[in-house]
Each structure stands twice: as C-alpha cells, then as structure tokens.
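Thanks for making the time this morning. I would like to walk through some salt bridges and one set of paired strands, with the cut-offs spelled out as we go.

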Amino acid sequence: KLKRFGWRIAVITGFIPPAPFLEMLSLRILPIACDMRKLEHVDYTPAPDIVHEAAGHAPIISDPAYSSYLRKFGEIARYVIFAKEDVDVYKAVLDLSEIKEDPASTEELIAKAQKALDEASAKVTYVSEAQEVTRLGWWTTEYGLFKKGDEYLIYGAGLLSSVSESYNCLGDKVPKLPLTIDCIKMDYDITKPQPQLYYTEDFKTLEAVIEELANRMAYRRGGVYGLEKAKEARTETTTVLETGLQISGVLTEFRTKDAESVSFIKFTGPVQISFADKQLEGHSPSYHKDGFSTPLGKLKNSKLSTSSLSLEDLEAFGFKGTQKGQLEFASGIVVEGCVREVLKKNDKTLLIAFTDCTITNGTEILFMPEWGTFDLACGEKIASVFGGAADRAAYIEAEKNVPEKPRRQKRNVSPDNEKLIPLYAKVRELRESGNIELKTIETVVASLDKTFPHDWLLRLELIEMLEPKHLAPELTASLRANLDRISRTSENLLVLIQRGLALIRH
C-alpha cells in the first residue's frame, strides 16, 4: 500500500541497529517489526511490534509533508557519529527488550538485563550527535503532537501504540511545548510516561528543525571540529578530504599546525579508503587491517598541495623512476621513499604509494620501510566527517566473519497460554464469518472459566460481539461479572477493562 506514496516495507524482528534503520528511511524504506507484543504489555510494549509499526508509523506517511520529513530525517541521520557508549547502550536496550518479551524469561534474567542497561547508561559521558538526532526523532516521529487550533492530535507512533499514554497525554497534566531545536537537550526514558511533549502546527517545521540540527553536525562542518567529534566517539567514522578521498576507520589521533590546519591523522584498523562512496581497489579493510595514518597539508616552501602534484612535480622532488625522493610538509613532517603508484581522479591526485618509505617528524619516526607500502592520502582540508564507513556494503562484507551474539527468537507462546490461543482463534473465526454461534461461544466461555480465570481481553471481545446485538444477556452478565472481579486485581487492568467497555458502549 505504501508504494502509492513512494515508500516500501522491509520486514524485521524487533530492534535493528540504528545505522541500517536510518539508511532505510533515507531510501524510503520503512522497517516493520512483525512481532506481536505479549498480552501483559498490551498497553505499552518494551520493543517495537506490528501495532507500533503498522498502526503507528505507516499511516502518517500518507501525509506528503510528514513523508518528506521522515525521508530527510533518514538522509541526515545516516551521517551521524555514534559514540561507543551509544552502541553499548543500544545493545543493552536490545537485550532487555527481548528478554522482557520472552515468556520464558525469569524475574532474575530481567533484573540482570536491567542492571546491564543501567551500567551502560551510567558510562555515557557526553551527548553525541547520535543522541541529539535520536532525541529529535523521539519527540517527533515517536512522541510528537500536532496542534490544530486549540486541539492536540497525536502523530507519534510511540504514543499511538501506547494504549495508556496516548489516553493520558492529551490531558492538562502533561506540559506541551512548541517544537524547536531545543528539544535535543531533553533526554527521555522509554520505561516511563514522558514528563512533557512537543507539538508542531505544520509538518514543514519538522524539516526546518532537522536542517538546523544538520548544520551543527560534523558531516557538514568538517575541519578540526569534525575530527574532534570522531576521536571522541571511538567508533568507525569517515574523514573526507577536499579531494573527495574518504578514509573510514576509528580515528585515534590528529595533529594541527594551527587552529584550522590539520597536519596528521591516524586510524586504527580495519580501515577502508574510498572515493564517491565506493571502496578503491586494493584499499579494503582487510588490506589496511592494522590501521592507516597520513600527513596532510601544504608542502614546505611551496604553494603546491599534494593533491595537485603531477608526475613532473614528483620528479622535481627527486622521484625519478626507482630513485628516492623527498617531500617535506610545512608542518615539518618528511616523507622519503620511492614512488610506486599514483592514483588520480578528476584531475586530482588522491593517493601516492611509496616503497622503501620512511616518515619522520623531527626525531619522531612515523613510518618505517619494514612496515610495507606507505599510502599517502593527498589533501589539505577536512571537508566532512561522518559516522560509519563510506562504502558500507564493502565494509560489512569485510567484517561478516565476526561472530555476533545470536538474537532471541521472538515467541509469545508459553506453557501458560498455549491452550488459550485456540480459544482466541475460534472467536476470531466467528467474528470474521459473521455467524455468531452461541453454542461455540458458550464452550469458549466455559473453557475460560475453568482454565483461564484471569484472561480479560477475550472476555471483552465476547462482550463486544454479544452485547450490541442483545444476544445471550445472562452470558454477557457473567462475562461482565468476571471482568469486574479481574479488574480489582490491579489498577492497570481496571483502567484497561473500563476503557474497553467504554469503547463497546460507544
């Protein structure tokens, strides 16, 4: 159905890592988790499920302005830099949500997973780009309100799929603030009702806010600022030089000649080198498995940049045939060796490969001949820095042999509810056939009373089928009496049952 609006669907299970999720949005692909929440979590699910996705996210995509925002959100967010701490928190959230949704989980397992999440959250030392973008997504696509005149409407899928919070959020007790870029300063807790919500009166405002946030991000600012963000993150990022050369890996060091001139950068492995988001031949993560470093900047006593060096220029610096030559940078770094290969794109020199190479910075040795071929990345300026690898498919291919922790298989069936499921199925058959067989319903009710005295949802469904048609009033009265008994067992069930009966009345 979403093809009509230029979107497609990808079927997933529960949470997926943020990077592929955002990339899907940028390609107008909506990930849909086809899991179903447990009955115990009917009012709020700890993990995405088909109600959250198909009834929450999908319908609003038919609005052109919102659809445009969601795609732009994905396009911008796919460049965010994730901190190592963010990744650790994501893994802990994934583990906790899957354990909570597993009927076989014990209270001990849940407590252990909650403790792991608390510990991972406590280690978060700063607000990363990823957290800022995630907060904007939370206060819009998940928990956003739309103001129309004096009325508030819900468009956030988190609210729409939360039976309790969607009902309570529209009351006066929840402050409602106009959406601005300041919302990224407000953190959230997925386990509790939100203390305030943000509203917009026009979906075009959402695009303006995400654009304002993008202008603050490293992928647009580049320079020393971008490198600082990458180093702080301790995750795979991509540094883009003004030539278009892209270096992907974990940035561990960079040096500056002054406030804006970068003289040296260093990455731990594996490192990928790309151009126009395509991995260059011979520069895969498996080749640069031990890392990569390179001097940058202008050459000493020369107006030449390494990216403008021609073969004639190299010969002038002594690189004739197999002869050794020398490049001295304005920063004081000296590269000495034999040129083996020069790679050019669009009349710009991207890489120069040296053999028998020594690189020094005064008395400091940065590279030695026995380390192999040295690849000099040519450029002066850091045009952009963004999260993840440039050629993500090739990078993932190189890492595919790394074992991952197996995901829990989502399963709602347990020894306690295994015999309840056929009763729900029988009622569904009656509902869809339009033929209300009282004998069948009586059999279902008898099974509920005997084996499942605490199940409330199926009893509500039976009342919904019988009462509006004034069928079997005695049976309906018995069902209501049991619901009254069940509702007294917890405040949460009381609210759910009362609201269910109110829906039937209306």
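Let me begin with a question: does R431 count as buried, partly exposed or exposed, and at what relative accessibility? R431 counts as partly exposed, at 37% relative accessibility, where buried means under 20% relative accessible area, exposed means over 50%, and partly exposed lies in between, with a 1.4 Å probe and protein chains only.

Before going on, a word on provenance: this is a predicted model, in which local features need pLDDT of at least 70 and side-chain atom pairs count only at pLDDT 80 or more, while totals for chains, interfaces and linings use all residues. Residues are numbered from 1 along each chain as its sequence is written, and side-chain values use heavy atoms, with hydrogens and water left out.

R431 forms a salt bridge with E461, the closest N and O atoms being 3.2 Å apart; the term means a side-chain nitrogen of Lys or Arg within 4 Å of a carboxyl oxygen of Asp or Glu. This pair links distant parts of the chain, with E461 in helix α16 and R431 in helix α14, 30 residues apart, and E461 is buried, at 18%. Helices here are DSSP runs of H or I with at least four residues, strands are runs of E with at least two, and both are numbered from the N terminus.

Across the whole structure, the search finds 25 salt bridges. Among them is the one between E23 and R392, at 3.2 Å from N to O, which links helix α1 to helix α13 across 369 residues. E23 is partly exposed, with a relative accessible area of 22%, whereas R392 is buried, at 16%.

A further salt bridge joins D356 and K324, at 3.3 Å; D356 lies in strand β14 and K324 in the loop between α12 and β12, so the pair ties together parts that are 32 residues apart in sequence. Both partners count as partly exposed, D356 at 38% and K324 at 43%.

That brings us to β14 itself, which runs antiparallel to β16 and is joined to β16 by four bridges, pairing being assigned if DSSP finds at least two bridges between two strands. I352 has L376 as its bridge partner in β16. Within β16, F374 and L376 point one way and D375 and A377 the other, and all are buried.

On β15, three bridges join that strand to β14, again antiparallel, and the two form a hairpin with two residues between them, where G362 in the turn has a positive phi of about 70 degrees.
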